[in-house]
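User: Please examine the model shown here and answer some questions on its sheet and its pocket.

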Amino acid sequence: SDVIAEADVWGYLRLQPEGRQTLVGSISAVGAWDSRVPLQLTLGGDTGLRGFPRHVDAGGRRVVASVEHRAYLGWPLRDLFDLGSVAFLDVGKIWAGDVPFGRDSPVRATLGVGLRASFPPGSRQTLRADIGIPIQSSLGSRGLVFSIGMGQAIGRRVRRADPQLTRSANYS
């Protein structure tokens, strides 16, 4: 019992070694099986789709794929900080699993744009601001979802474990 798993796959493509544009892709899967501890993941929010609120589609297993097109702007103060833009597409699905109130979702998707900044230039610590919008409107999510964060490699996270997973897991 209490089987918990998480897997992330990342890929980066830059067509020119010194080019200002990068294509970034990721697939993230997380889930629990035979959980004795109450556990619930959601498809929206911090580690799911950036265009949906956190509470959307609760379940026990989640897969999210993301593609970002990043461009380094190089201005206005390149000696003070790095600034870049991003356009993204997130696609995901959640399965009920064996969690209370879980349900299978349809495949959902969001489109969005954002900014990335790092201080000092070349820093690995990145500040991000994203605006996402759902492609489907069946949930009543009619507006834009604005999110900010620090340190995310692809708009979601770079931490080792999913925060929705660790709040329910007992690692002792």
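Analyst: Two strands pair if DSSP finds at least two bridges between them; strands are DSSP runs (E, at least two residues), numbered from the N terminus. Residues are numbered from 1 along each chain as its sequence is written. This is a predicted model, in which local features need pLDDT of at least 70, while totals for linings use all residues.

User: How many bridges join strand 1 to strand 2?
Analyst: Strand 1 covers residues 3-13 and runs antiparallel to strand 2. Within this pair, valine 9 has isoleucine 27 of strand 2 as its bridge partner. The number of bridges joining the two strands is 11.

User: Which strands are the edge strands of the open sheet?
Analyst: The sheet holds 7 strands with antiparallel pairing, in the order 1-2-5-6-7-8-9. An edge strand here pairs on one side only, as is the case for strand 1 and strand 9 (145-150).

User: Which strand gives the most to the lining of the largest pocket?
Analyst: A pocket is an open set of points on a 1 Å grid over the protein atoms alone, where a 1.4 Å probe fits, with protein on both sides within 12 Å along at least five of seven lines; lining residues have an atom within 4 Å of a point. The lining has 22 residues, and among those nearest the centre are Arg70 and Tyr72. With 4 residues, the strand that gives the most is strand 6.

Key. Predicted model: local features only at pLDDT ≥ 70, side-chain atom pairs only at ≥ 80, totals over all residues. Heavy atoms only, no water.
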